[in-house]
Amino acid sequence: MNLLEVRNLKKYFPLDGGLFSRHKGEVKAVDDVSLTVEEGETLGLVGESGCGKSTLGRVILRLIEPTAGEIVFEGKDLMELSPRQLREMRREMQIIFQDPYASLNPRMRVGETVGEGLEIHKLATGKKKRDRVMELLNQVGLKEEHYDRYPHEFSGGQRQRIGIARALSVNPRFIIADEPVSSLDVSIQAQIINLLQELQEKMHLTYLFISHDLRVVEHISHRVAIMYLGKIVEIAPSDAIYKDPKHPYTRALLSAVPLPDPERKKERIILEGDVPSPVNPPSGCSFHPRCAYREDICISAEPRLEFDADHHGVSCHVFGPGKRVWKTPDPTTKGQRA
Ligand code: SF4
């Protein structure tokens with residue numbers, strides 16, 4: 001069952017300026033995104049910096065208002081809710097931020113930070129609140145003695161654990177984890193990902209896990225969506241993304257992921273040029289200026305996300321369901337030529 005359904009979601013930021021604050025254009029940060037997240041699953045959302053993935057996360061929570069589209073959570077359209085109803089719904093939808101230090105108030109003790117949501121949503125006060133905070137600290141691998149300490153007394157990994165305890169305090173069903181491990185050492189990254197997986201199993205949580213790194217989302221995600229210039233270009237069960245990626249952009253991202261076995265060789269695909277500006281995105285397929293496989297149609301017509309019977313969706317004129325297939329099924333071990 002879908003817990004979240006996003007339909008044709010757009011977020012355009014206006015570019016105003018000049019003498020009379022003239023409208024100069026818009027940044028299409030999220031451009032017609034549709035996706036679903038099933039109850040209990042983790043959807044990994046991956047793309048280069050600036051592709052719109054964090055904006056998409058914030059628009060889903062309505063921390064940023066969308067320009068158009070629908071966000072349906074537990075069968076209710078979030079755009080139709082009153083401010084009071086939206087506040088109540090936010091209890092079910094929490095976010096974990098990338099930089100745990102910046103997201104914690106340096107003047108608040110850990111106990112206050114984690115317990116703040118309990119008070120705001122009138123879930124517990126006094127001793128009941130303290131007991132619940134202690135329980136949460138234990139659940140995320142912290143100790144009761146940490147209750148009275150300040151954020152600066154903790155390591156990066158511990159601070160992210162505090163952020164997770166704060167998100168869990170109001171018993172959410174859905175958590176957006178926005179680059180939750182990208183500021184941490186690799187060894188600590190694995191601990192935090194394992195913790196999130198354990199919590200998901202225990203509490204039947206649903207995650208949207210945002211990262212710029214395909215390696216990071218591999219073990220936690222049931223499905224993975226690849227985003228480029230505000231659009232989803234490929235979405236599929238994890239196995240299919242890692243073993244049989246279809247979109248040239250996904251293959252390029254995968255070719256940059258280091259292999260654990262030094263004996264295995266792979267050919268790195270170097271993308272031409274930089275990510276184009278979302279203010280004036282390229283015509284047709286927005287990936288065409290960087291794509292080695294572009295054809296004439298790629299420049300003139302925008303591809304649509306098309307799905308095969310195994311729920312593998314690809315937005316490409318050349319590769320995808322019923323189209324050209326890659327000769328090398330595993331791009332991480334062999335050549336990349338189609
Ligand atoms: Fe490349 Fe064309 Fe596919 Fe875009 S539509 S990814 S330009 S082959």
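This is a predicted model: local features need pLDDT of at least 70, side-chain atom pairs count only at pLDDT 80 or more; totals for chains, interfaces and linings use all residues.
Next, select aspartate 31 and lysine 231. Their closest N and O atoms are 3.1 Å apart, and they form a salt bridge. Aspartate 31 is in strand S2 (residues 22-38) and lysine 231 is in strand S10 (residues 231-237), so this pair ties together parts 200 residues apart in sequence. Is aspartate 31 buried or exposed? Its relative accessible area is 11%, so aspartate 31 counts as buried.

Move on to lysine 53 and glutamate 179, whose side chains form a salt bridge at 3.8 Å, N to O. Here too the pair links distant parts of the chain, 126 residues apart: lysine 53 is in helix H1 (residues 53-60), and glutamate 179 is in the loop between strand S7 (174-178) and helix H6 (186-203). Both lysine 53 and glutamate 179 are buried. For a network of salt bridges, select Glu5, Arg7 and Glu70, which are linked in this way.

Now step back to strand S7 itself. Five of its five residues are buried, so S7 is largely enclosed by the rest of the structure. Show the side chains: Phe174, Ile176 and Asp178 point one way, while Ile175 and Ala177 point the other way.

Which strands flank your selection? Strand S6 (residues 93-96) pairs with S7 in the parallel sense over four bridges, and methionine 93 stands opposite phenylalanine 174. Strand S8 (residues 206-211) also runs parallel to S7, joined by five bridges. There, look for isoleucine 175 opposite tyrosine 207.

For the last stop, select helix H3 (residues 110-120) and helix H5 (residues 156-168). They pack at an angle of about 30°, with their axes 7 Å apart, and are therefore roughly parallel to each other. To see the contact, show Val110, Thr113 and Val114 in H3, which meet Ile162, Ala165 and Arg166 in H5. Coloured by type, the residues of this contact divide into four nonpolar, one polar and one charged.

Terms used: Residues are numbered from 1 along each chain as its sequence is written. Side-chain values use heavy atoms; hydrogens and water are left out. Axes are lines fitted to C-alpha atoms, for helices over the stretch in contact, and angles run from 0 to 180 degrees between N-to-C directions. Helices (H or I, at least four residues) and strands (E, at least two) are DSSP runs, numbered from the N terminus. Angles under 35 degrees count as roughly parallel, over 145 as roughly antiparallel, 65 to 115 as roughly perpendicular and the rest as oblique. Contact means heavy atoms within 4.5 Å. Ala, Val, Leu, Ile, Met, Phe, Trp, Tyr, Cys and Pro count as nonpolar, Asp, Glu, Lys and Arg as charged, and the others, Gly among them, as polar. A salt bridge is a side-chain nitrogen of Lys or Arg within 4 Å of a carboxyl oxygen of Asp or Glu. Buried means under 20% relative accessible area, exposed over 50%, partly exposed in between (1.4 Å probe, protein chains only). Two strands pair if DSSP finds at least two bridges between them.
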